[in-house]
Amino acid sequence: MSTAVTPDLVPNVLREYGDITKTVLKGYIPSQHPHRHLYDLLADYPQRGGKMMRPSLCIATARAFGAKLEDALNTAVAIELLHNALLIHDDIEDDSEERRGSPTLHVLHGVPLAINAGDTLSLLSLRPLIENKAKVGPRLALRILEETECMARKSAEGQAMELGWRRDNTTELDESDYLEMVLKKTCWLAAIYPSRVGAMIGTRDNVELNPFIRFGFFLGAAFQIQDDLLNLVADARYGKELDGDIWEGKRTLMLIRLFSLAAPRERERLTAIMRLAREERTEEEVSWIRALMDRYGCVDYARQFAHGLAGAALHEFSLIYRDVPDSRDKRFIEGLVTWVFERT
Amino acid sequence: MDGDPSKSEDDSRDRRSFESVASDAVAKGYKVIEEQIRQGQQFARDFADRSLDAGVLSGDTSDLIERIMTFYTDLGALWFEMIESLARNPALRDLMPNRRNNGADGPTNGAGNGTGHASIPVEIVSPVRTDVKMILDLQSLSAGGAPGVHELRSLDSAKPPIRNVVFDPGTDSWSPVLRVTIEQGQPADTYTGVIIDTATNEPLGTLCIRIADAEPRDFR
């Protein structure tokens, strides 16, 4: 396996591919009426930045397998458009207050306009995929559309699992439940789909795709757990509300672990707090849960858990890329696994 | 605090050592992902069966082909002359049940085709209008052989040959496919080449591509 992953490689490639993706993405957001109530809203989240891991992984995978950057660009743009569309809706569903360091779209403009903006952005993500036919041919373009449908369905299933757990105040969850939810809610869009479609573009759909599910799952799950950890321990650069997941009652690995370890009376209180709506929870209750997570070692546990998953991701990477020639893109993909833990 | 965390840590029935957390995570992860892959494959099989049933139950496979042709036409960028011949070809009626039973059987095997000719979908990516004519005798294909074509040339030797012509064995239910990519700037003309059996180098037919002298087409 290649070991030449320099510290700057991943941030540099993310910046390079991210900038290209954002430039092309802008062209897909109409500059026409109604600006104030629709198209300005659509442009908001993409302009705020973001890590650009998803489109970069798609482009890098395609290039590692021999494609030209332009062949993967439309798909990368579609990924980013859909990602931002889902963020808008996620923020509403989670009642989140901050996104990338600024108020969420529904906080700024109200829920109805934000929902409509998310719907529109989601539909706009189809356009670059349709235009793929001129770049990669109609057969592969159609296959990518099929992959997109699959990914979108999995993402919706994962989101439904988590929202359902919160609505029903489900507390009898184990780590396998959590991993299945994360696989669907996060991993498909974050890593599996970008890897799979990238490989399809690079090989003209002549590659076994299941290994990319494994690699993307382990990478995406490590990414999600680290994201949840940052929600508890991050500094101001994080861009989201600290302890926001506890406020929102999200079933994170740390919370599931806490439920499994807490004494009966603690579990009773935890259950009661989780049953409350976000606005009914108090600072004191959130702080109590956060402190309990530390006392029971839930944060350290989740960190160890994520490291185990990252190890499996590296193993799957080595299987997939064993016979792929060394390249900057290949090293970038490998480097993403450790970058997950280095980001703020 | 209602509980005693230090006491809880001592209870080996409830707590695993942190040393084993990583390996436990990996084991659980593989269990989850392998089950998801299995479910996905089952879903794909069920979906494929339903799709094929819909076509066969209509009692007329030409309906199915017509729908597929319409779909691809809508998708644009294609001139599916060979798809049309596929719809006309009686071999298709033999082909459909074969594919249901064994996804590995491709149309190139010509099973049940008494005509000596079979049809292969053609996928063309081209900035200009491009037509294809193909004569292919797949009954002469050797065991283990596959059709191949090196490059297509114009009678005018000054014009560059078309090299991006590939018989793709394919991976889905409409494989194999002849894929042709015409580069921007390829001069208008008629380009021809011999289709060979790659195992024996024996000729199997001819491929003729005509590039029209036309304005670039907007596929939107």
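**A walk through the model**

Mentor: Leaving out residues up to four places away in sequence, A:Asp95 touches A:Glu248 and A:Arg278. Two residues are in contact if their C-beta atoms, placed from the backbone, lie within 7 Å. This is a predicted model, in which local features need pLDDT of at least 70, side-chain atom pairs count only at pLDDT 80 or more, and totals for chains, interfaces and linings use all residues. Residues are numbered from 1 along each chain as its sequence is written, while chains are lettered from A and ligands numbered from 1 in the order in which they are written.

Trainee: Where is A:Asp95 placed?
Mentor: A:Asp95 is in the loop between H4 and strand S1 (98-99) of chain A. Helices (H or I, at least four residues) and strands (E, at least two) are DSSP runs, numbered from the N terminus.

Trainee: And why does A:Asp95 count as partly exposed?
Mentor: Because A:Asp95 has 17 C-beta neighbours inside 10 Å. A residue is buried if 20 or more other C-beta atoms lie within 10 Å of its own, exposed if 12 or fewer, and partly exposed in between; these C-beta atoms too are placed from the backbone.

Trainee: What about the chains, how many helices and strands are in chain A?
Mentor: Chain A has 17 helices and two strands. Of its 344 residues, 50% are buried.

Trainee: And chain B, what pattern does it follow along the sequence?
Mentor: The pattern of chain B is α-α-α-α-α-β-β-β-β-β-β-β, with five helices and seven strands. Buried residues are 22% of the 220 in chain B.

Trainee: Now H11 and H17 of chain A. How far apart are their axes?
Mentor: H11 (residues 210-233) and H17 (residues 328-342) of chain A have axes 9 Å apart and pack at about 10°, so H11(A) is roughly parallel to H17(A). H11(A) brings A:Leu219, A:Ala222, A:Phe223 and A:Gln226, and H17(A) brings A:Leu336, A:Val337, A:Val340 and A:Phe341.

Trainee: Last topic. How many residues has the largest nonpolar core?
Mentor: The largest nonpolar core has 106 residues, and A:Ala221, A:Ala222, A:Leu258, A:Leu309, A:Ala313 and A:Leu336 have the most contacts inside it. A nonpolar core is a set of buried Ala, Val, Leu, Ile, Met, Phe, Trp, Tyr and Cys residues joined through C-beta atoms within 7 Å. H10(A) gives the largest share of this core, 16 residues.

Trainee: What is A:Leu309 in contact with?
Mentor: Leaving aside neighbours within four places in sequence, A:Leu309 is in contact with A:Phe218, A:Ala221, A:Ala222, B:Ala25, B:Val26 and B:Gly29.

Conventions:
Axes are lines fitted to C-alpha atoms, for helices over the stretch in contact, and angles run from 0 to 180 degrees between N-to-C directions. Angles under 35 degrees count as roughly parallel, over 145 as roughly antiparallel, 65 to 115 as roughly perpendicular and the rest as oblique.
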